[in-house]
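Hi everyone, thanks for coming. I'd like to walk you through a few spots in this structure, so please have it up on your screens.

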Amino acid sequence: MPSKFMEYFNQPPRAGILCTADKGGIVDAAVFSSPIMTDERTVVMGLGRHRPLANLRENPSAVFLIVDPADTLADWKGARVYLKVKDLAMSGPLLDDLKKQITRMNGEAAANIIEAAVRFEIVEARPIIDTGRTLEQSL
């Protein structure tokens, strides 16, 4: 991944939509503001006990959508980030470290909602609108 992508992904406040599906293919989409890109191939995110967590336990594939609308659709910025679960922790250092980061970024109330930490491998990242632009051009 280009370093510009990591900078864009981690730009506060960063919110996006995490899309998951259960083993039967029933899809869910939820807004998240906790993702952190820790290196060029890894995203870490905090989850509450909701549908995305249940889905990721059954199906490790997900997509995180980042959308920055503009006046025209052709000028929209953003990315479709295809992810695969590497680790899912309900306790331990991954969860503890993530909750500390979320407390610093969004406050203790936000951190208290987090009951699990997931570490994803970035499988692929594509522009939010596929108009022939490269990923870097769409950021």
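**A buried arginine, a helix and some salt bridges**

Let's begin with Arg133, whose side chain reaches the backbone oxygen of Trp76 at 2.9 Å. One caution before we go on: what you see is a predicted model. The mean pLDDT of the protein chain is 91, with 99% of its residues at 70 or more. Confidence is highest in β1, at 97, and lowest in helix α1, residues 3-9, at a mean of 88.

Back to our arginine. You'll find Arg133 in the segment after β7, the strand that spans 116-127. Which side chain of opposite charge is nearest to Arg133? That is Asp75, but at 5.6 Å away, so Arg133 is buried yet has no salt bridge, given the 4 Å limit for one. Leaving aside neighbours within four places in sequence, Arg133 is in contact with Ala74, Trp76, Lys77, Pro127 and Ser138.

Now please turn to helix α2, residues 51-58. Its buried residues are Pro52, Leu53, Asn55 and Leu56. Looking down the axis of α2, these buried residues fall within an arc of 165°, so they line one face of the helix. And what do they pack against? The partners are β1, β2, β4, β5, β6 and β7. On the other side of α2, we have Arg51 and Arg57, which are exposed.

How do the two ends sit, buried or exposed? Arg51 is exposed, with a relative accessible area of 58%, whereas Asp28 is buried, at 11%.

Next, have a look at Asp87 and Arg119, which form a salt bridge with their closest N and O atoms 2.7 Å apart. Here too, distant parts of the chain are linked: Asp87 belongs to strand β6 and Arg119 to strand β7, 32 residues apart. Asp87 counts as partly exposed, at 33% relative accessibility, and Arg119 also counts as partly exposed, at 27%.

One more pair and then I'm done. Arg126 forms a salt bridge with Asp130, the closest N and O atoms being 3.0 Å apart. Arg126 is partly exposed at 25% relative accessibility, while Asp130 is exposed at 54%.

Key. Residues numbered from 1 in each chain as written. Predicted model: local features only at pLDDT ≥ 70, side-chain atom pairs only at ≥ 80, totals over all residues. Heavy atoms only, no water. Helix = DSSP H or I, 4+ residues; strand = E, 2+ residues; numbered from the N terminus. Buried < 20%, exposed > 50% of the residue type's maximum accessible area, 1.4 Å probe, protein only. Lys, Arg positive; Asp, Glu negative; His and termini not counted. Polar contact = N/O pair within 3.5 Å; in protein donor to acceptor, adjacent residues only side chain to side chain. Contact = heavy atoms within 4.5 Å. Arc of directions from axis to C-beta. pLDDT = per-residue confidence, 0-100.
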